[in-house]
Every structure is written in C-alpha cells, then in structure tokens.
Amino acid sequence: MAMSQAANYVEKAVGHQDVAVTEQDVTNPARDRAKYADPSGETMKALVWMGKNDVQVIDAPKPRVIEPRDVILQVTGSTVCGSDLHLLHGSVVEMQKGDILGHEFCGRVLEWGSEVTKFKKGDRVVASFQIACGECMYCKQKLSSQCERTNDNTIENAMYGGRTAGMFGYSHFTGGFAGGQAEYVRVPFGDVNLLPLPDSVPDEKGLYLSDVLCTSWNCVVDTGVKEGDVVAIWGAGPIGQMAAEMSFTNGAKRVILIDGGPAAWRLDFVKEKIPKIETLNFSTLPKGQSVTSMLKEMEHGGPDVALECVAGEYAKGWAHYFEMLLGAETDTSEILNEMITSVKSYGRCGITGVYVGYTNHFNIGSLMERGVRLIGNGQAPVHLYWEKLLSMIQDGKTDPLMMLSHRVDVSELDTVYDIFNKRGDHMQKVFVQTKFSDPAAPGTPELTTYKK
C-alpha cells in the first residue's frame with residue numbers, strides 16, 4: 001500500500017509524457033463532474049477501490065461523451081477476474097481512492113461521439129479490456145494490448161522499458177480509466193474497442209471475449225502448445241480451466257492441472273467439466289515429494305509445456321513472504337522455478353498470471369543449462385483473437401459456460417469480492433447483472449443473493 005501511494009506521488013511529481021491521444025486519469029466521473037459527468041445528474045451503481053482490501057458499491061455520476069470517438073454503454077454484464085484481486089490487495093501500484101473497477105464487460109450502445117459511425121442505439125457489444133487506438137504500429141498488427149497511444153504513465157515506461165495499452169479499471173499505472181463494474185461505462189475509441197455480439201450469443205457467453213477467453217487462448221498458442229504435447233498448468237481458476245480445454249483443442253495429449261490449499265476444490269470443479277484432465281493437489285503431496293518430482297513421475301522427463309495461470313503475488317514459503325512484505329521483491333519466483341525444473345529439457349514455460357515488478361531467487365541456471373524457453377505471454381492482445389473465438393463459440397468449439405458458477409447483482413459486488421478472494425462458495429466465475437441485463441440465458445445460473 002505504501003509503495004502504491006509513493007508511486008502516485010512520484011507520477012504526479014514527474015508528470016505524464018504526453019504520448020497518449022485520449023484523456024488520462026478518468027477513473028471516476030466524480031473527479032471532475034463538470035468535465036466527465038453526464039449533465040443530467042443521473043447516477044449509477046459502481047464498485048470503487050477505497051484502499052487495500054476495501055472495495056465499496058457507491059452511487060457515482062453517469063459518464064458522458066468527452067471525446068469524438070467515445071461510446072457510452074449501458075452495462076449488461078461484467079465479471080470479477082483473478083487479476084482484480086491484485087488491485088484489492090494493493091499489489092498493483094497507483095490505485096487511488098474512488099477508482100471504478102472492472103476490466104471485463106459487455107453492454108448496449110447508448111450514446112456516442114461525433115466520429116463514431118458503426119453503431120446504433122441498442123447494439124449489443126463486448127469491450128476488450130485494453131484500450132487501443134487502432135492506428136499505431138502495434139494496433140495495425142492487432143497487438144492491441146501494447147497500443148502506444150492510450151497510456152501516458154511515466155513509471156510503467158521506466159520500469160518496463162515501454163508501456164502497455166491503457167486498460168479499463170486497472171489503476172493509473174495503465175492510464176487511469178473507469179471500469180465496467182458499474183451500470184454505465186465510457187469506452188474511448190469505441191469504434192475500435194467494441195465487438196458486436198450476434199443474437200445467437202447471449203451475454204453470458206459473449207462477455208468473456210473481453211478477457212478470459214482471449215487470455216487463455218493467448219497463453220496456449222503463444223507458448224506453442226502443439227499436437228502430442230504433455231501440458232502442465234499451474235492454477236485451476238477460470239484462465240487455467242479454459243487453457244486446459246484449449247490445450248486439448250490445439251492437440252495436447254495430456255493436461256495436468258495443479259492447484260491446492262483453499263482453492264483445491266477447483267480441481268474437482270474442472271475435472272467434472274473436462275474429465276480427461278489429470279490433477280495434482282500440491283497441498284496433499286506425499287512426504288518428501290514436490291510438484292516437480294510428482295510431474296516427473298507422471299511423465300518421463302516432465303511435461304513439454306508449463307503454463308502459469310496464477311500470479312506472482314502468492315508466496316508459498318516464508319522467505320518470499322517476508323521479502324514481499326518488506327518490499328525486497330514484488331513477485332515470488334516459486335511457481336516459475338517449479339515450472340522451469342519440471343519441464344523436459346528444451347521445454348516451454350509460458351507466463352500469463354500477472355507479475356508486476358521484480359523477483360528474487362530465480363533459477364536462471366536451470367533455464368540456461370537445460371535450454372528451457374521462458375515466454376512472457378504478455379497482456380493478451382484481445383483484438384488479435386476475439387473474432388476467431390466468437391466463431392468458435394458459435395460453432396460449439398469452445399463453451400464459456402463451463403466455467404460459469406454464479407450470477408450476482410452489481411449491488412453486491414463488494415460482498416462478491418470478499419467471497420471470491422477467500423475462494424468461497426465454490427465461486428469459479430461470476431456473471432454480474434445490472435438493471436439493464438436480460439433475464440438469465442438458458443443453461444446459466446440463476447441469481448445468487450448474499451445480502452439479506
């Protein structure tokens with residue numbers, strides 16, 4: 001938390017670098033009502049970050065069109081992602097009190113700026129979690145997560161040697177844009193960052209093109225899963241679950257899913273949906289065994305591919321726990337080391353879980369000596385994949401409903417965050433409804449209510 005506030009002060013002192021072509025630091029219309037809020041005075045329910053481990057549902061001003069390529073959506077669906085928990089925990093820097101969260105959402109077009117011509121009122125669309133300009137070097141290749149013109153953050157540029165695109169609801173570190181865990185949202189460059197949804201694809205399926213489906217697919221194809229591979233996946237959450245399914249789609253012979261502790265129930269959840277996967281519970285290993293030794297028993301030499309679908313903030317041992325607590329590192333290397341030592345020589349390791357800064361005790365020796373390929377999958381370039389994945393949904397080649405466990409209301413999102421953070425109520429993936437949502441689609445969960 002102290003690091004986050006220090007980063008805010010440094011960014012304010014140093015200033016942005018004026019490379020962005022869209023307004024920065026618009027994380028809540030209340031920051032400047034005259035400039036960012038709808039003149040009608042209408043308010044909306046929205047989930048905001050109020051401090052470490054503190055999120056609240058408040059009444060916030062409805063956003064207005066402020067740039068000619070803006071689109072205002074009535075949000076009809078959003079969700080909670082594992083990466084939202086990094087914001088909750090204060091692991092991602094430059095959060096500010098009152099920031100509206102949520103990077104995955106879909107909705108109906110309500111209003112638009114003067115340069116938007118491709119939509120009409122009421123069109124159903126899904127947003128990419130990243131904000132792309134559509135015109136820079138990366139956008140022309142559909143590598144939308146690396147857009148050069150939507151994030152002005154100086155600290156990110158200094159830390160990474162470059163910036164990611166701006167992202168919805170994901171701190172001022174990624175440009176400072178209000179997210180979609182709300183009843184309305186403003187989408188900059190809406191003509192680029194919204195994909196029309198056909199009537200045959202309900203929101204409960206189309207919503208997940210915003211992030212989780214594209215991220216899982218990117219994890220698999222960017223790491224190079226191919227015919228006959230044995231794949232080990234760390235993390236049985238929604239990304240790990242869909243990466244398992246998509247590994248089989250890409251020809252994997254075996255998929256071994258690893259999880260444990262309070263989240264061990266997810267292994268059974270995924271096994272029920274994908275019976276041919278194999279599971280490994282790291283919290284019930286036989287005495288003297290490790291994840292690496294077990295994987296090498298299960299497959300001679302270890303798996304061909306290892307996929308990291310967890311994140312770097314979850315320390316397993318005391319050394320990393322205290323180093324992170326004291327600010328000596330931002331991310332643990334424990335899972336990365338397990339992956340590197342587990343795969344066959346010349347195996348591939350892909351990192352999709354969020355890592356934000358620096359780590360200690362990294363096993364670079366095994367990486368080099370055994371020729372292991374370590375691949376940072378990056379923030380998934382949604383625009384590169386979402387049309388293909390939409391077709392796969394329509395053709396029945398992938399089904400997002402396999403991960404959907406709950407339907408909840410936006411007014412209860414603060415409670416939902418707490419339950420999701422504790423891996424409670426067997427909550428795998430939620431669909432968050434608003435007053436604008438359609439009734440639950442056939443085959444999807446009915447509304448769960450937590451507040452009496």
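This is a predicted model: local features need pLDDT of at least 70, side-chain atom pairs count only at pLDDT 80 or more; totals for chains, interfaces and linings use all residues.

Trainee: In strand 4, which residue is the bridge partner of Trp49?

Mentor: Start with the strands. Strand 1 (residues 43-51) pairs with strand 4 in the antiparallel sense, over two bridges. The partner of Trp49 in strand 4 is Asp99.

Trainee: Now strand 12 (residues 254-259). Is it enclosed or exposed?

Mentor: Side chains in a regular strand alternate between the two faces of the sheet. On one side of strand 12, Arg254, Ile256 and Ile258 are buried; on the other, Val255, Leu257 and Asp259 are buried too. Six of the six residues are buried, so strand 12 is largely enclosed by the rest of the structure.

Trainee: What is the bridge partner of Val231 in strand 12?

Mentor: Strand 11 (residues 230-234) runs alongside in the parallel sense, paired with strand 12 over five bridges. For Val231, the partner in strand 12 is Val255.

Trainee: How is helix 8 set against helix 15: roughly parallel or roughly perpendicular?

Mentor: Two packed helices are described by the angle between their axes and the distance between the axes. For helix 8 (residues 212-223) and helix 15 (residues 382-394), the axes are 9 Å apart and the angle is about 105 degrees. Angles of 65 to 115 degrees count as roughly perpendicular. Therefore helix 8 is, relative to helix 15, roughly perpendicular.

Trainee: How many residues of that contact are nonpolar?

Mentor: Helix 8 contributes Leu213, Cys214, Trp217, Asn218 and Val221. Helix 15 contributes Val382, Tyr385, Trp386, Lys388, Leu389, Met392 and Ile393. One contact residue is polar and one is charged; the nonpolar count is ten.

Trainee: Which residues of helix 15 are buried?

Mentor: Buried means under 20% relative accessible area. In helix 15, that gives Val382, His383, Tyr385, Trp386, Leu389, Leu390, Met392 and Ile393.

Trainee: What is the distance between the end C-alpha atoms of helix 15?

Mentor: Helix 15 has 13 residues. At 1.5 Å a residue, they should span 18 Å. The model agrees, with the end C-alpha atoms apart by 18 Å.

Conventions
Residues are numbered from 1 along each chain as its sequence is written. Side-chain values use heavy atoms; hydrogens and water are left out. Axes are lines fitted to C-alpha atoms, for helices over the stretch in contact, and angles run from 0 to 180 degrees between N-to-C directions. Helices (H or I, at least four residues) and strands (E, at least two) are DSSP runs, numbered from the N terminus. Angles under 35 degrees count as roughly parallel, over 145 as roughly antiparallel, 65 to 115 as roughly perpendicular and the rest as oblique. Contact means heavy atoms within 4.5 Å. Ala, Val, Leu, Ile, Met, Phe, Trp, Tyr, Cys and Pro count as nonpolar, Asp, Glu, Lys and Arg as charged, and the others, Gly among them, as polar. Two strands pair if DSSP finds at least two bridges between them. The expected span of a helix is 1.5 Å times one less than its number of residues. Buried means under 20% relative accessible area, exposed over 50%, partly exposed in between (1.4 Å probe, protein chains only).
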